[in-house]
Amino acid sequence: MPERSDNYPFPRDPLDAMRVLKRWTRLIVYPAVTLLIPLDHLLLGSPWLSAIISHGVGGYLVATLGIEFGFWYGFKIRKEASYPTMLAMELGATGDFAQACERTVWMLTELLDAEKVVLAWRNDENGSLTTVATHGIPPEDVPLPASLSWWQQTARQAMDERRVIVASAGQGRAWQPGSDERSWVAYVPLLSLDQVVGLLILVGGRKASDLRDKILLTPIGLILGLTLENLRHTVELRRRTDEYVATTNLTGDIIARLDKHGRWVFLNDAACQFYGKPREELLGTDSRVAAHPEDAEATTQAIRETRTRKKLTTGFVNRQITPMGSRVVEWNGYPIFDEEGQYVGIQITGRDISEREQMEQALRESETRYRLLAENASDLIWTMDLNLRYTYVSPSVKRMRGYSPEEVIGARLSETMTPASLEVIRKTFAEEMALEEREEKDTLRSRTLEAEMYRKDGSTVWTEIIVTFLRDKDDRPLGLLGVSRDISERKQVEKERASLHAELELRAITDSLTDLYNHAHFYQRLAEEIERSNRYGHGFAVVMMDIDAFKQYNDSRGHQAGDKMLRLVADCIRSGLRRSDIPFRYGGDEFAAILPNADSSRAQAVVNRINKRITAKLKEMNNPAAAWLSVSAGVASFPQDATTADELVRIADDALYNAKRLAWARGMTGQEQAAQWLPALPSLVDDAQSAMLSTAANSLAAVLHDLGAADLVAEPNLRAMATLGAASELKDRHIGGHQERTSLWAAALAERMGLPRERVLDIRIASLLHDIGKVSVSEGILNKPGKLTEDEFAKVKQHAPLGATMMISEAEALQQLATIVRHHHERFDGKGYPDGLAGEDIPLAARIMSVVDVFDAMTHDRSYRKALSREEAIAELERGAGTQFDPAVVEAFLALLKRPGQEPVAPPQAARKARHLATAKAAGRKKG
């Protein structure tokens, strides 16, 4: 049993009397039952066996059941009545929450035979539980009580349902690993005003029957919750009261409280010092006794009005009698009412303003001397007290601020100027007051400040203020004397000058056409970003961008259209970047961007977003000449690719150059260039295919030479184009010879339709290269035997615009043929790709190539079907006339097919012979 507190008259153990009664009952009943056996036999003549059975066995059984059950029930009722009361009385006598928690777990151990006790309390801040006391368990063995990690669902259920739950320690994870499975665990939520404020966990053996008595544990939880919560709030209230008293003693103002009869019930230290008496002597006395006799009635009236109006009263001034003589005090007070609305007193604060009154008197005397000068001055002359209230302003305030002097006098400085200027004034005033504390100080010093003041119409006026102290005969500050001059025009000139300077600085680093930062500022910001990244340890990306085919667009459409396109691309770049990214115009049609905290993948996403915006804008323009325009980009990452500005720009430039040559690799990072560039193509195929790639350029050159296209033969990048064309046929193993056959058919059909020789030659050459874009499509898609998915078909559809872009990028002489390659999959009804052109908006050469391309594809095997017969292919062409194909082109092609003879004439024999010779030489090198 716990030690009994001396603060209440309860016995040491409320069950002691019942235990004594139980023992005496046993001592009386059992001997009496035993005595009945011989009495029954001797007096009544019953056989011994019958007497033993009836009185011995039956009597003992009835007595035992009656005594044990009766006293068990009596103990239960007594516990339910006494244990909660005993806990409440014991804890109520404890003045500290922590001590009460420790006493609680100890008492519960003794009262309920608990082996282990954990008492957890809910935090007010986040609502989690924190262990406040334990018994039988070291605190370090209670892990993470706030999260209930080892109490699991049972404890949570007890708290959520607000009821006692008793479980065996062996059920689930009711206790920590290693607990005795024969023990009982009781989870008791602690309630206060229907709120769960804590949790009590009790662990005991099978003999601890009280742990299974929910009727006993429920009131214990209620008493503990309410008692401990009240004690915690009491302790907190005491602490806050102590803090309040300590805070009130920090100020030099009087802080006090009066009861409803006007007697002191609280005074801070400053009040005691002011009245020159100890607090014990002042408490309970009438506060009006200290008021000056002439002000006693006014004081009583002020208290009465505060009570009646039920709101704060400010600025009441009276005189108080103190050991220092009569002092002038300014009072503020508000009434206090109880929960029933009854007036119980008043809270007041007071400030000794005797010095201020003296200063104001001195200022009034000085004002008379300076009034004539001030009222005739053009500048504003004013005075203030040390509380920064205007005590005088000259009539010129009307001209400067629109107020009359009467409207300004008495106003605080904070009401007359903007917050920024007020902060400057207050800081200067504090510095000057600090200087006054020094023994050696210049009493004639002044300060010149600039402040923005409010006018009566809501506008502001800038003023230059010269201010100095007004002093008494002992050179102590009494107030401030100032002269204000309107400097609004000067401030406006300074503002315009600063704005012009900022504009010039911005122009120096900004491109005038696109409003992006210029080339010079790019290197400045790049150096700053490298320094910042080195300091904080984060990376960034540099993106170099170039408009594809912009030169041709600018030459064909004119410089004004080119400038408009540059501005459009600049806007798309600006809107496509993140808020932290910085765009630049690097020069010409080149742009750059610095992307802080970005890697290559994030930079690629930015580039893709920019290209989508450009595509959308160009589609809105509905300008076929701008349809090819897009942005190629190269990326370099710091510090992965390089750590200097020059190296970052060089790597990004290299990636940009490669991206322009392989349009499908836009945004390629510096680390990926080596694996994607053209020289790596031969290493990706076998020897026989490599030989075909190496001889393709010679074959194409021979054909072009015999066709009379000598300018194309001289193109330096023609070999790269031929390599890509051969690579596209290698990847799609079902179209071998397709490009050359299409070229022959297209040229023959163009002649049949009467096109001039130059256009026939263009169609012939464009047909040889019309599928080079397929080099960007994977072999798995090109050779897939079944139907393509939407994503796969979308990738295949990119080969036409991609091939056109490659022709524009690689060979200047091929740029005029790129339109044919781009549009050879358009449909006559407008449902084709990539631009959805319809009818005669599709170039005639592209319409011709569309017919012969489909005819050759239908008459040869493909991965997804067998070849059609010529008759079947002709029937398909006739069905597609007017929808997929131009009817006039189909009619001309069918007439060509019905012409006597075989296939269209082959190219000149010289070209064929040159190709055979080149192939033979390559095969010989392989054999050697």
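**Close-up 1. Asparagine 597 counts as partly exposed, with a relative accessibility of 46%.** Here, buried means under 20% relative accessible area, exposed means over 50%, and partly exposed lies in between, for a 1.4 Å probe and protein chains only. This is a predicted model, in which local features need pLDDT of at least 70 and side-chain atom pairs count only at pLDDT 80 or more, while totals for chains, interfaces and linings use all residues. Residues are numbered from 1 along each chain as its sequence is written, and side-chain values use heavy atoms, with hydrogens and water left out. Asparagine 597 is found in the loop between β18 and α17 (600-621), where helices (H or I, at least four residues) and strands (E, at least two) are DSSP runs numbered from the N terminus. The phi angle of asparagine 597 is near 55 degrees, a positive value in a residue other than glycine. Aspartate 515, which is not a glycine either, has a positive phi of about 65 degrees, and this residue belongs to the loop between α13 (488-509) and α14 (519-536). Aspartate 515 is exposed, its relative accessible area being 58%.

**Close-up 2. Aromatic rings come together in 14 pairs.** Rings of Phe, Tyr and Trp (its six-membered ring) pair if their centres lie within 6.5 Å, and planes under 30 degrees apart count as stacked, over 60 as edge-to-face and the rest as tilted. The rings of phenylalanine 274 and tyrosine 275 have centres 5.1 Å apart and planes at 85 degrees, so this pair is edge-to-face; both residues are buried. For tryptophan 745 and phenylalanine 855, the ring centres are 5.7 Å apart and the planes stand at 80 degrees, so that pair is also edge-to-face. It links distant parts of the chain, since tryptophan 745 is in helix α23 (residues 738-752) and phenylalanine 855 is in helix α29 (residues 844-858), 110 residues apart. Tryptophan 745 is buried at 6% relative accessible area, and phenylalanine 855 is buried at 3%. Ring pairs also join Tyr517, Phe522, Tyr523, Phe584 and Tyr586 into a cluster.

**Close-up 3. The charged ends of lysine 310 and lysine 491 sit over aromatic rings.** A charge sits over a ring if NZ of Lys or CZ of Arg is within 6 Å of the ring centre and within 35 degrees of the ring normal. The charged end of lysine 310 is 5.4 Å from the centre of the phenylalanine 337 ring, and that of lysine 491 is 4.3 Å from the centre of the tryptophan 462 ring.

**Close-up 4. The largest nonpolar core contains 34 residues.** Such a core is a set of buried Ala, Val, Leu, Ile, Met, Phe, Trp, Tyr and Cys residues joined through side-chain atoms within 4.5 Å. Leu112, Leu200 and Leu202 have the most contacts inside it. At least two residues of this core come from each of α2 (48-92), α3 (97-112), β1 (116-122), β4 (184-192), β5 (195-204) and α5 (214-248), and α3 gives the most, with 8 residues.
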